[in-house]
Amino acid sequence: MYNISVEEKLHHLINVSHQAYLKGFTGGSGGNVSIRDGEYFYVSSTGTFLGSLVQEDFSCMDMEGNVIKGGKPSKEYVMHLECYRRRPDIQCIFHLHPLYSIAATCRPNIDYSCGMPVYTPGYALRINDIPVIPYFTPGSLELALKVAAVLEKRDSVLLQNHGVVVAGKDPSSVFGIAEEIEENAHISVILGNQGVPMTEEQIQKIREFGGHYGK
């Protein structure tokens, strides 16, 4: 991530988690976040609220799934663990429950390979054809393995009837991707089947001019 102390990493993660909560990307004790620190990672503990997280609300775990210190980890900790195991470059993971991102996955005849049309240049550049994982019980090993398999090859995925998982190098960039997904989902839900998405030619041009976009 960057050469700073774990306390500073957690401070950054906490601040962005508060932003995510205030912007309505999760409610109650929903959602979970984590950050890597070498051979360990810190994941929000079970029952905690993203809007009021403090450093004591994290469980420190090793890459074998053992709790090193802190309380009981989120029931989704295996999902975070599997992603970190498979992608050494991942430093931070957000699992959120944004309203429109969820709504976009609940429509009939959804295309699981591409959950929604591309409506904005920012979304085309940074996300593009986001896949959707069919519904699995939250906290289940099946869900954790499905998410990790997708995030081996890209940085974001939608979960049907559930939410979104985004991974990256730091909390701000990870939440930025989640915001792009939610904005495009909002447009998609408002338009229904009446929208005019960007064409493949337009998407290709924005990639060429804009450079690298999220995996």
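What follows is a walk through salt bridges in this structure.

This is a predicted model, in which local features need pLDDT of at least 70 and side-chain atom pairs count only at pLDDT 80 or more, while totals for chains, interfaces and linings use all residues. Residues are numbered from 1 along each chain as its sequence is written, and side-chain values use heavy atoms, with hydrogens and water left out.

A search of the whole structure finds nine salt bridges, a salt bridge being a side-chain nitrogen of Lys or Arg within 4 Å of a carboxyl oxygen of Asp or Glu.

Select D37 and K9, whose closest N and O atoms are 3.1 Å apart in a salt bridge. This pair links distant parts of the chain, with D37 in strand 1 (residues 32-37) and K9 in helix 1 (residues 6-22), 28 residues apart; helices (H or I, at least four residues) and strands (E, at least two) are DSSP runs, numbered from the N terminus. K9 counts as buried, at 6% relative accessibility, whereas D37 counts as partly exposed, at 24%; buried means under 20% relative accessible area, exposed over 50%, and partly exposed in between (1.4 Å probe, protein chains only).

Next, select R85 and E82 in helix 2 (residues 77-86), where they lie three residues apart, about one turn of the helix. They form a salt bridge with the closest N and O atoms 2.9 Å apart.
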